Amino acid sequence: MGGFLAASAFFLSDLTAAEKGNIKRGSEVYLDNCTPCHGIDGDGQGPLGPRLGARDFTKGKFKNGGSEEQLFDTISNGIPPKMPTWKKKLTVQERRDVAAFVRTFVEKK
Ligand code: HEC
């Protein structure tokens, strides 16, 4: 019982703290949704990546800009026809989180 209450309290505080992109949560969104194309290392070498021409994030070059805000827009709207739109599949917060996580590939190089 105490455990259940503590767990709910954790969820609530987690939600209210959610404003800016959170890299750790973004990494989970990324692993669940983006690795088939962009690869675990963000290098575009997922199983479907090379065939589709998925972006290699580690190069730091983006058609629509590489700031967190621009990445958020691209992830939301996709790049037809190959990069899917995520507006309906991911919440605003999840898209912010994953945008913050994509930045970590760019900054790593
Ligand atoms: C079905 C394969 C596929 C999946 C899944 C996928 N992408 Fe992509 N993504 C692509 C392709 C292909 C491109 C290059 C599109 C182009 O340049 O026309 C791309 C490009 C991008 C770009 C670069 C945009 C730019 O301005 O150059 C970003 C950022 C991106 N994807 C983020 C993500 C994120 C985050 C996810 C997971 C939520 C994701 N993608 C899932 C295929 C995919």
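This is a predicted model: local features need pLDDT of at least 70, side-chain atom pairs count only at pLDDT 80 or more; totals for chains, interfaces and linings use all residues.
Me: What percentage of the 109 residues in the protein chain is buried, and what makes a residue buried?

Reply: Buried residues make up 26% of the 109 residues. Residues are numbered from 1 along each chain as its sequence is written.

Me: Why does F57 count as buried?

Reply: F57 has 25 C-beta neighbours inside 10 Å, so it counts as buried. You will find F57 in the loop between α4 and α5. F57 touches H38, G42, V102, F105 and V106, leaving out residues up to four places away in sequence; two residues are in contact if their C-beta atoms, placed from the backbone, lie within 7 Å. F57 and R103 are 46 residues apart in sequence, and their C-alpha atoms are 8.1 Å apart in space.

Me: What makes G46 and G44 partly exposed?

Reply: G46 has 19 C-beta neighbours inside 10 Å, so it counts as partly exposed. G44 is partly exposed too, with 19 other C-beta atoms within 10 Å. G46 is in the loop between α3 and α4 (49-52), and G44 is in the loop between α3 and α4 as well. The C-alpha atoms of G46 and P36 are separated by 4.7 Å, although these residues are 10 apart along the chain. For G44 and A54, also 10 residues apart, the separation is 5.1 Å.

Me: And why is Q70 called partly exposed?

Reply: With 14 C-beta neighbours inside 10 Å, Q70 counts as partly exposed. Q70 sits in helix α5 and, leaving aside neighbours within four places in sequence, is in contact with N64 and G65.

Me: What makes a stretch a helix or a strand, and how many of each does the protein chain have?

Reply: Both are DSSP runs, numbered from the N terminus: a helix is H or I over at least four residues, and a strand is E over at least two. By that rule the protein chain has six helices and zero strands. Read along the sequence, the pattern is α-α-α-α-α-α.

Me: How do you know whether helix α2 (residues 23-33) is parallel or perpendicular to α6?

Reply: Two packed helices are described by the angle between their axes and the distance between the axes. Axes are lines fitted to C-alpha atoms, for helices over the stretch in contact, and angles run from 0 to 180 degrees between N-to-C directions. Under 35 degrees counts as roughly parallel, over 145 as roughly antiparallel, 65 to 115 as roughly perpendicular, and the rest as oblique. The axes of α2 and α6 come within 7 Å and cross at roughly 95°. That makes α2 roughly perpendicular to α6. In α2, I23, R25, G26, S27, V29 and Y30 meet E94, D97, V98, A100, F101 and T104 in α6.

Me: Why are α5 and α6 called oblique?

Reply: Their axes come within 9 Å and cross at roughly 120°. α5 and α6 are therefore oblique to each other. The contact is made by E68, L71, F72, I75 and S76 of α5 with R95, R96, V98, A99, A100, V102 and R103 of α6.

Me: Which residue does P80 join through a cis peptide bond?

Reply: The cis bond joins P80 and P81, with omega about 5°. P81 is in the loop between α5 and α6.

Me: What makes a residue part of the shell around the ligand, and which come nearest?

Reply: A residue is near a molecule or strand if its C-beta atom, placed from the backbone, lies within 6 Å of it. Of the 23 residues around the ligand, C34, C37, F62, N64 and M83 come nearest. α3 (35-38), α5 (68-77) and α6 (92-108) each supply at least two residues of this shell.

Me: What classes do the shell residues belong to?

Reply: The shell has 15 nonpolar, five polar and three charged residues. Here Ala, Val, Leu, Ile, Met, Phe, Trp, Tyr, Cys and Pro count as nonpolar, Asp, Glu, Lys and Arg as charged, and the others, Gly among them, as polar.

Technical notes: A residue is buried if 20 or more other C-beta atoms lie within 10 Å of its own, exposed if 12 or fewer, and partly exposed in between; C-beta atoms are placed from the backbone.
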